[in-house]
Every structure is written in C-alpha cells, then in structure tokens.
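Work through these exercises with the model open. Each task is followed by a stepwise solution.

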Amino acid sequence: MRTARATPYLLVLPAWIWLAILFVMPLCGMLSVSLMTGNVIDGFTQTWHVATYADALARYWPQLLRSLGYGLCATVLCLVIGYPVAYWIAFRAGRHTSTYLLLLLLPFFVAQILRTISWRFVLGDNGVVLAPLKHIGLLPESAHILSTATAVIFGLAYTFLPFMVLPIYAVLRRIDHRVVEAARDLYAGRWATFGRVVVPMSLPGVFAGVLMVFVPTSADYVNAAVLGGTHTTMIGTIIHAQYLVTNTYPMAAALTFALLAALLLAIFGYARALGTERVMAVAAGRTP
Amino acid sequence: MDDHGAPSPRPARHSRRDLLRYSGLAAASTLAGCAIEGRTIEPVSPERYWAGRSRNGHLRFANWPLYMDPQRTPLTLFRQRTGITVDYDETIQDNASWFGRIRPLLAEGVDIGADLMVITNGLEFNRLKALGHLAPLDHELLSTYAQYGADRYKHTSYDPGNRFSVPYASGITGIAYHPDLVGREITSFDDLWDPAFAGRVGMLGSPQEIANVALLRNGVAPADSTPTDWENAAKALTRQRDRGIVRAYYQQDYIQPLTSGELWLSMAWSGDVFQQNTVEGANLRFVIPREGATIWTDNMVIPITAKNPVDAITLMDFLYTPEVAAELAEYITYVAPVPQAQRVVEERARAASAERRRSLQRLAQSPLVFPTERDYAQLHNYVPLPAGESQRFTSLFLAVTQA
C-alpha cells in the first residue's frame, strides 16, 4: 500500500533532481552572485549588495524596455503569420500534413547563427528584397533595412515562428470537426464560425505559442548583434558584455534577474488579461 | 480524511508551506556560502615552474580561425623536425569569450584542454597575467626567438622581457574604404566623422579599439591618455553615433558589408583587407591615417595548468625559424614578428613563376606585413590599463557601442 502511494513520487524523482541541478541550483547561484561585490582579479565576496539592482535598472532600463518591446512586436508578427499557417496545415494540408510540418522544422537543422547571418544577404542593401524596390523607384537608393530595429524584429520573428505555429497547430488539429459543422448548420457564416467557434477553441494553443515566442525573443541576443545597428542593443547583449567583457558578474546576474522579473510580470499580466481559467477550461475540453 | 471533526495531529506529513520554508532556508544558506575566487595562485618563478618537466611528444594548440594554412604546414615541419605531434584547434573566436571559458578552470587549477594558446595584448591578457594564470617562460628554451624575433617585441609595455608571452602575429587597426564609393582619398580619422558618409561608416565594437581611434582623432596618444581624455573620446564617439554617421558596431563581421558596398568606409584590420583583396578580388584600400593607427599583437602563451609545457615552448620557439615564419606570414598576411621572414618571401618570389611570384612580391613589399621603422613610429598600442582598473574604461566605451 505504502509503496503504491510512493510510486508516482518515485517516478517524478528524476525530473525533480534534474530540475534541481539544472534550474534551481544555477538560479540560486546566480542570485547569490548578483548580491556580491568585488572584481575579477581580487575575487567577488558576498556582501548582500542590493544596490546593484538599482544601478542595473537605472543604467539599462532603455535596453530592458526595448527588449520587451521587440519581443512583443516579434510575437505579434509571429501570431499574425503563424496562425494562418497552423490553420492551413491543420485543415487544408490533407495527406501532406507531415511534409509541411517537416518543412516548418527544416530550418532547425541549420545553426541559428547561420540562419540569422543569411538574413543579412536577404535584407542587404542590394539584396533580393530591396534591390527590386529601389530599381522601380519605390525606395531611394540610400534606403536600408539591415542595421535597423525592423531587421532585428524580422529576424526574431523568423527565428521563433515554429514555436508559434506548432502549439496552435496541435490545438486546431484536435478540434472536433462536427462542432464546426454544427456551427454551419446553425447558419453561422465562414467568418462567424471562425471567430466564434474555431478561435475560442484554439486559445490554449495561442496562449502557449505567445509564451514560447515572447520569452525567448525578449532574451535573444543573436539577432540584435547580427542584424542590428546603433540603438538596437537588447538586454541579452548587455548581459553578455557584462559577463564577458567587463567581467562584472554581479551586474550580469542582477540584469538576468531583472529580465526574469520583467518577463514574469508581463506573462502574469497577459495570463490575467486572457483569463488562464478560460484557457485551461478549453484545454480540458470543457465549455468556457 | 478527517472524519472526527476534531483537529488531529499529522506528524509525518510535511505541508507544502514547510517544504517552501525548508527550501528557502537551504537557498539562503547556499547564497551566503559562496564566493568567486580571484587571485589565488602565488606567482611562480620560471625555475620552479620548469624544474623536472620534460617533453611528452605531444601538445594541444588553441588558436584563432584562419591563423594557419588548412594543411597546417608549419606543424608538419615541426613534427618532422622534433617528432612532436600537435593537436591544432581553431577554437578561439574572440578574447572575451575565450577568457570567460577558461577563467573558471584556471582558477580551479584544472587543465583547460590546451597547452599553448594565442591571445591579444588587451584586457584579457592583462587579467590572465594578474591572476597568475600564465606560465613564466624559460628563455633558455627560446633561443630561436632570441635570434630572429624582432627587437621591438622584446620590450613591450604589456609584457616587458617576454616573461609570459611571445608574439604570434600583429595587426594594424586603420581605415579601409571603397575608393569608388567614397570618391576621395581618406587620410584622417576625421573622415569617419564626416556627415557626407552618414549611415555608411562602420566602427569596431571593442572598447579598446574604438577608444584608440577617438583618442588619436582628438590628438591624444593612447599611452599617455587620462580618464578625462577617455571621457572626451567617448563624447566624440557618442556624437558620431547620434548624428547617424555610424551604421553599426561590428566584431569581426565588418569585412563583408564593406566588400558589398553597404559600408563605404570602416575601421578595419590590416590583414583582413589584404586577404579580402587577394582572395575575393575586392578593391579595398587600407590606410594608416595621418593621426597614426593602433597596432595590436596576438601572443602565444602557456596556461599555467598546461600538461605539455615543454612541447609547447618548443613549438613557440620553432615558429621563429625564418622559413616557418615566412610560411605563416604568407597565409596570415598580418604583421610578421620575424623580420628575416621578408628575405625568405623575396627568395621564394624569385623562384616562383607568374601569378604566385606577383603575390609573393606584393606580400614582401607590403608595409602591412613587414612595416618599416617609419611605419612603426606611427603605430600605437592600446591604452595601458591595470587589470583591476579597467572597468571604468570599458563601461565608458560600451555605453557608446551598446546604447
């Protein structure tokens, strides 16, 4: 009897250990480092120096806000592009579904840095996007996308698009088609069916997709470094430089926690606004 | 569960709140318990370090990409001459991340997987030296260096007397530009501030590199610069950025946009431009502006935890044989630390035919590979920064490049 009750706990034990070693311990370590003072030559000691956080926010709030802003823009872009893609694969792709899913995931077989660098060629001043527009006189010769915020946001959206498509696809796929038919039988038009039946039922996927895109895009540092110009630095680049260039580990750790807090706040606000209970209810197959 | 309505003690079970409390306690004690160690290793004298060490017939060499020909000719020659095999790894992408990777290991006194590595005479070099992470060199084992190494490398400000390092290659940071797009001759760092080139100027993101450009432009010698000079330099760079003149701050990736014409002119490294013109057929021009330019040196050092230091120092010394140095210079096209290599390249040019002859001649005559004393007189080192005091300097310039 006792063993039977302990079994589920024993089964999740490896996961707990995994989480403890790879998540909780580093997080505690980082929290500890963020409160230290010193320099890399003489070493850092624990002094509970909370002021580093104030300093971090005072100095780097523009980059922090910009990261959240870029993350938000990229997420919206992913949603706008990704929802139709997911819808199409789920309902219209027929027997080619797995082919399209494979195509969607194919870029992941190439390293992210290489994919980002290839955008340099696409968005280049005389690349495939700008050259024709310049040629027909729609854009002046000096126009450029590369090294601007636009390039960074496009890069972010491109990199994380599959993270939006897949969860939405997974949810749409599970929708009972008879429900859609019922809506049509009850004289709902195409758009009404979509807006009042399909979209509400796909909300859990959208919720998951938004989280999976917003969090990594806000923390990304590759796209800004490769595609950005001046005034496009994201917080990830700052943390990277604080750790590696200036070796101010406490500042790097404090900024990491600031980013974590900002993301948690944003996600919490988003969950409240969308209503997590509603999302979970849909996910559980109950009527919202 | 609780049928009797009365509160019953449940001693064996811990509530969720208890669990949180315990983990909080555990976390707090971990938080307080640790520190990051700094300088722990006492400086070792060369005699003590090298006593009782001998050759193992093998070594591991960590270097930068494109710093030796793909056939690794010098290493083959080395094996034929000494019987020592070399595990060559192009693993260093930039000084900062390399330092970030090896520092924790060196602090623990653990092998970093390399017996010989190449690092620039900048902040990270100073830090490694100050932390006691570099093996002191035994000059008894460096006779070829003593004979053929250029004198100027024997009294540098960053490592006087080559106590820890010998040069692998040097480079010049100047301006590279597209003659057609710029439409005039570039002669001064002021040209990087010219509004006529708005959005077409590339700058390097490294604090030390960008600081030198602004200091030289302001007429200040980097070696004598004061914190006030640094602030003025940062102000000039901020103005340049906020007027929209700078397109972006680059790491090593400026050469592609420069070749394609997205950048018209950029801070650039001499060897990159030389290679780009030779290999890609680009028509870029490299200038040392009239204010002077920066010379940096990538140095070979032995990490203190090396397992095969004798083999490493043997290779160090071997690379100064003029024939080998010429071989390296021919591929690297940065400044060779062995003046005699110029003679070897000239001899090879005479023996070669047609195209190869021309390219070897160009190499032998290039002031970017074999600078003359007059060229050297125009070149400045990075701002000397004591390892513990560099934070103010770097923060000042990172604030420019990472706005």
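**Exercise 1.** What span should the 13 residues of α4(B) have at 1.5 Å a residue, and how far apart are its end C-alpha atoms?

Solution. The model is predicted: local features need pLDDT of at least 70, side-chain atom pairs count only at pLDDT 80 or more, and totals for chains, interfaces and linings use all residues. Residues are numbered from 1 along each chain as its sequence is written, with chains lettered from A and ligands numbered from 1 in the order written.
- Helices are DSSP runs of H or I with at least four residues, strands runs of E with at least two, numbered from the N terminus.
- The expected span is 1.5 Å times one less than the number of residues, so α4(B) should span 18 Å.
- The end C-alpha atoms are 17 Å apart, which agrees.

**Exercise 2.** Find where α4(B) has a kink.

Solution. 
- Arg101(B) has a kink of about 30 degrees, shortly before Pro104(B).
- Just after the helix, Gly109(B) takes a positive phi of about 75 degrees.

**Exercise 3.** Decide how many residues of α5(B) are buried.

Solution. 
- Buried means 20 or more other C-beta atoms within 10 Å of a residue's own, exposed 12 or fewer, partly exposed in between, with C-beta atoms placed from the backbone.
- Six of the eight residues in α5(B) are buried, among them Phe125(B) and Leu128(B).
- The cover includes α4, β4, α8 and β10 of chain B.

How values were computed: Two residues are in contact if their C-beta atoms, placed from the backbone, lie within 7 Å. The bend at a residue is the angle between axes fitted to the seven residues ending there and the seven starting there.
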